[in-house]
Amino acid sequence: MDATDKQKDRLTPVQTPTSYDGGEGIVTSIGAELHGHHETKRGLSPRHVQLMAIGGSIGTGLWVGIGSVLSKSGPLSLVLGYAFWGLLFVWPLNLCVAEMCAYLPVKGTLFELASRFVDPALGFAMGWTYFLAGAMLVCVEYSAVSAVMEYWVPTTQVNAAAWVACAMAVCIFLNVVAVRWYGESEFVMASTKVLLLFGLCFLTLVTMCGGNPAKDAYGFRNWNAGAMHEYYTDGATGRFLGWWEVVIYAAFTIAGPDMIALAAGEIQNPRRTIPRIASLIFYRLVGFYIVGVLCVGIICSSRDPGLLGAIDSGASSAAASPWVIGISNLGITGLPHLINALILLSGLSCGNAYLYSTSRTLYGLAQDGQAPKIFARCTKAGVPIYAVGAVSLVTCITFLVSSNSAVEVFFWFVDLTTTALVMTYTFMIIAYIGFYHARKAQGLDPATLPYRAPWAPYSAYLALVLGILMLLFVGYDGFVPFDVRGFITNYFGLAWGVFMFFLWKIVKRTSLIKSIDVDLVSGKQVCDYECRKWEEGGIEENEKRRLAEMSFGKRCWERIW
């Protein structure tokens, strides 16, 4: 029995009226053995999802920790590194995943699709690797909150573990209430991050033109300290490795499509919302990341004594933020405290978002029989409560900050997260390549797809090559001299993903699925049924009728999303 037959064997008919194909019919649901338990619900509006995509991708890495990369690599390397990774890996990755999720916005998440399109072992490995990455990301944000609090309250007065506990309590509370309230909380917190980034970029523009207390039009003067620094070795090779350090850090800070892929089963009108998000990805990458890191190198010198001193002394990450140091150097008072407060909110927002995505990962794995069934149980509000509890239990390792520097622990989790995330994203690209070849082999009309990734499959193959190179060379500087801690934290995610793949392959004796045998049908009918109220009569026509019933102000607001 092949993988497709096994998928179909798990389908249990659920009598549900549907107007598709000319009247009453049968809608089948994957994971129907879970009937009797509540399921997640489509409670996330386009407004929630857009801000989840934007806000979830602007983590504390853009504020906390970027000073260290700036000092190693220089401002030009910072811009080039972010542009390279963002436009050649993250952009095509997002577009490819959007095509799959718009076609099949199933509740079983992207990992189920990987199992169907390539190999069940790939879905298992992807799910558990993302679970590792997501849990470590939550730890990153908790430790970042602790590091930011050290800016105001030193650890001699309050142990850093107390701030971790506070951050954990806030995020757990926001995740156990109904998904709609999770969406609202993430909308508010993500909005503040967007406003913070816009504000800092505007502040940089104004001050570099002379709008500062000293009336000093400093322009690009801070680049005089060197646009590209040497790292690890001398000469051109050193400058190249300095740029590569930026690419590695960009792989951590620039989030992929995981938030949208995992929320696909809870998005309202997914076949309109997901393509709209995909169409804005390029502007998000350029506007938030490339312009953002350009401004970092303008406002603060990579050789600023305050920046280098804060990094060498292991000061709180907030104190070592080039934004805070640059603004302080200009003689602007009060703003550093406001920025740190917003960075604190940024950490809570990302912790909240990744607790959500990681718990939904565990929920999806449980639905597919790849994790204990208890994690598929939901409350009446559609919250996978046991999955949220399990992820929160794992993230208790963040309490290591009680015995180590919060900054040190932050960078441990950064290394663990980077490799696990890139491993997951590389698996996503492989899943898309399987989907692409399957729809070609089975004659699926591309015109019937809600969204098509441009430049596919060539962009997918390029991203695949870059992902593999990143996985192999992410810890290049830990070999000479050999650093045990660096080697483990840099390559654990790679080893974990490979181990999980072969574990499931050996235990379940799975095999690669031929393109002609790939299951492109299961779950689509139930998605069609769920989306019928947005799609019957035409998606765009329905949206126009919905907007026509609103007041002018509300109509303008809704069109933004």
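How many of the 29 residues of H4 are buried? I shall come to that after a few words on the model.

This is a predicted model, in which local features need pLDDT of at least 70 and side-chain atom pairs count only at pLDDT 80 or more, while totals for chains, interfaces and linings use all residues. Residues are numbered from 1 along each chain as its sequence is written, and side-chain values use heavy atoms, with hydrogens and water left out.

The protein contains 23 helices and 2 strands; these are DSSP runs numbered from the N terminus, with helices being H or I of at least four residues and strands E of at least two. Of its 561 residues, 61% are buried, where buried means under 20% relative accessible area, computed with a 1.4 Å probe and protein chains only.

Let us turn to H4. The answer to my opening question is 24 of 29, and H4 is thus mostly covered. From first C-alpha to last, H4 reaches 41 Å, close to the 42 Å expected at 1.5 Å a residue; the expected span is 1.5 Å times one less than the number of residues. H4 also has a kink of about 35°, centred on Gly 86. The bend at a residue is the angle between axes fitted to the seven residues ending there and the seven starting there.

Finally, consider Glu 99, which lies in H4, residues 75-103. Why does Glu 99 count as buried? Because its relative accessibility is 1%. Leaving aside residues up to four places away in sequence, Glu 99 touches several residues, including Tyr 432, Arg 439 and Arg 452; contact means heavy atoms within 4.5 Å.

Notes:
Buried < 20%, exposed > 50% of the residue type's maximum accessible area, 1.4 Å probe, protein only.
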